[in-house]
Amino acid sequence: MTFKLKHSRIAGTGSHLPEKVLTNTDLEKMVETSDQWIQERTGIRERHIAAQGETTVDLAVPAARRAMQAAGVEPDEIDFIIFGTCTPDQVFPNCGALLQDRLGIRNCPAVSVEAACSSFIYALSIADKFIRLGEAKCALVVGAETLSRIVDWTDRSTAILFGDGAGAVVLKPADEPGILSTHLHTDGFYKDLLYCPVGPSKGFHADESGRMPLFIHMAGNEVFKIAVKSLGSIVDETLAANGLDKSAIDWLVPHQANIRIIQATAKKLDMPMEKVIVTVAEHGNTSSASVPLALDAGVRDGRIKRGQLLLLEAFGGGLTWGSALIRY
Ligand code: ACO
C-alpha cells in the first residue's frame, strides 16, 4: 500500500473589526502629524480600535464563527485550532484554548504561535502540515490582534500605523492542492529593529530613560527597506518552488503595513494594483490579522473566486516573513 499525502484547502474565511474607528484627523489631535503625511507615507486613512476591555479573543470569536459558517462546519467538527497573535489576552491559557472554550469546542489541540505580523502565515503553514499528515481533518486558523494595547500613543512614528482586528480560515483535506506551498523565514539578527521588550521573564522594568518599555519600538525606515527586499525575494522563492511564472498569480493578498511596500511587491510581480487586495487605508497594520482580513474582504466582495491562484505574504518583528501560494 502506498501512503499518499493529502492536501489542504481553504473551506471558508471570516473576519471581524472592532466598532470604534480612529481616523488620521483624530490622530492629528494626539500627536504632531497630518492626514496628508500619513496617507502619503503609508496609505492609511483610518484604523479600528478595540473598546476598553475588548480583547484579542473577543475579536477572534466572530471572525472564527464567520469562517466556520462559510465552510459549513459545526464546532464539534473542528479538530485543531492554531491562533497567531503577538497581543494575547494573557500569558496562558493560550488564545487558541480561550477561543476553543468560547466556541464550545472540547478536547482538540489548541495552540497559539507568535511571529509578530507573520504569525498568521506561520499558523497557516503549521495547520497545512497537520492536515496533510492526516493529523487533523478540520483546522481553524486565526490571526487576531489588539495592537492598540502596545502602541505608544505619544510616539508619532508608530501611533499612526497600527489597528485592531481578527481574521480566520477553516482548512479541510482535499485531493487537489489547496495550499500549494508555504515559505517561512526568520532572521533574529534584526531583533533590535522592531520589538516590544516586555515579558514575564525579562520583567516590566523602566528602561535607562525611565520609561516603561511597554510599547512597540521600530526603526521604521530600516524595517521598510528590509521588508521590500525580503518580500521581493520570497515572491521569487515561492514561484520557483512551484515552477510558475509570475503571470500565473491571480491575486496578491499582502500584509497591510504600508501601501508603498505593497506597491513594491506588486511591481516585482508585474501586477497592476487592481489585482492586489488592499485594505490598508481602512484597517492600518493589524499585524497577524492583516492577511486573513484582506483575504476575507476579497472573498466576500466576490473578487477572489474559487480556482484562482493567490499569493499571500507577510513581514514583521523578528524579523520574520513568510508566504503561501494557494489555489482558492
Ligand atoms: N507625521 C509626520 N512626520 C513624521 C511622522 C508622522 N506620523 N512620523 C515620522 N515623521 C517624520 C520623521 O520625523 C522624519 O522627519 P525628518 O526627516 O525631519 O527627520 C520624516 O517624517 C521621515 O521619517 P521616516 O521614518 O524616514 O519616514 P518613512 O518614509 O520611512 O515612513 C514608516 C515611516 C511609515 C514607519 C515606514 O518606514 C514604514 O512603513 N516602515 C515599515 C513598517 C513595517 O512594515 N513594519 C513591519 C510590520 S510591524 C510588526 O511586525 C508589529
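**Close-up views of the ligand site and strands**

View 1. An N or O atom in the side chain of Asn258 is 2.7 Å from an oxygen atom of the ligand, and a polar side-chain atom of Arg260 lies 3.0 Å from an oxygen atom of the ligand. Taken alone, the ligand exposes 1000 Å², of which the protein buries 74%; accessible areas come from the Shrake-Rupley method with a 1.4 Å probe, and for residues only the protein chains shown count as cover. The model is predicted, and local features need pLDDT of at least 70, side-chain atom pairs count only at pLDDT 80 or more, and totals for chains, interfaces and linings use all residues. Residues are numbered from 1 along each chain as its sequence is written, and side-chain values use heavy atoms, with hydrogens and water left out.

**View 2. The shell around the ligand.** There are 27 residues around the ligand, and those that come nearest are Thr33, Arg41, Cys117, Asn221 and Asn258; a residue is near a molecule if one of its heavy atoms lies within 4 Å of it. By class, the shell has 13 nonpolar, ten polar and four charged residues, where Ala, Val, Leu, Ile, Met, Phe, Trp, Tyr, Cys and Pro count as nonpolar, Asp, Glu, Lys and Arg as charged, and the others, Gly among them, as polar. At least two shell residues come from each of α2 (35-42), α6 (156-159), α7 (220-241), α8 (259-268) and β12 (309-316), and α7 gives the most, with four residues. Helices (H or I, at least four residues) and strands (E, at least two) are DSSP runs, numbered from the N terminus.

**View 3. Asp152 in its loop.** Asp152 is found in the loop between β6 (139-146) and α6, and its side chain is joined to that of Thr154 by a polar contact of 2.6 Å. Asp152 counts as buried because its relative accessibility is 6%, buried meaning under 20% relative accessible area, exposed over 50% and partly exposed in between (1.4 Å probe, protein chains only).

View 4. Strand β11 (residues 251-254) pairs with β12 in the parallel sense over four bridges, two strands being paired if DSSP finds at least two bridges between them, and the bridge partner of Trp251 in β12 is Leu310. With strand β13 (residues 320-327), β12 pairs in the antiparallel sense over eight bridges, and Leu312 stands opposite Ala324 in β13. The hairpin of β12 and β13 has three residues between the strands, and Gly318 takes a positive phi near 150° there.

Definitions and conventions: Polar contact = N/O pair within 3.5 Å; in protein donor to acceptor, adjacent residues only side chain to side chain.
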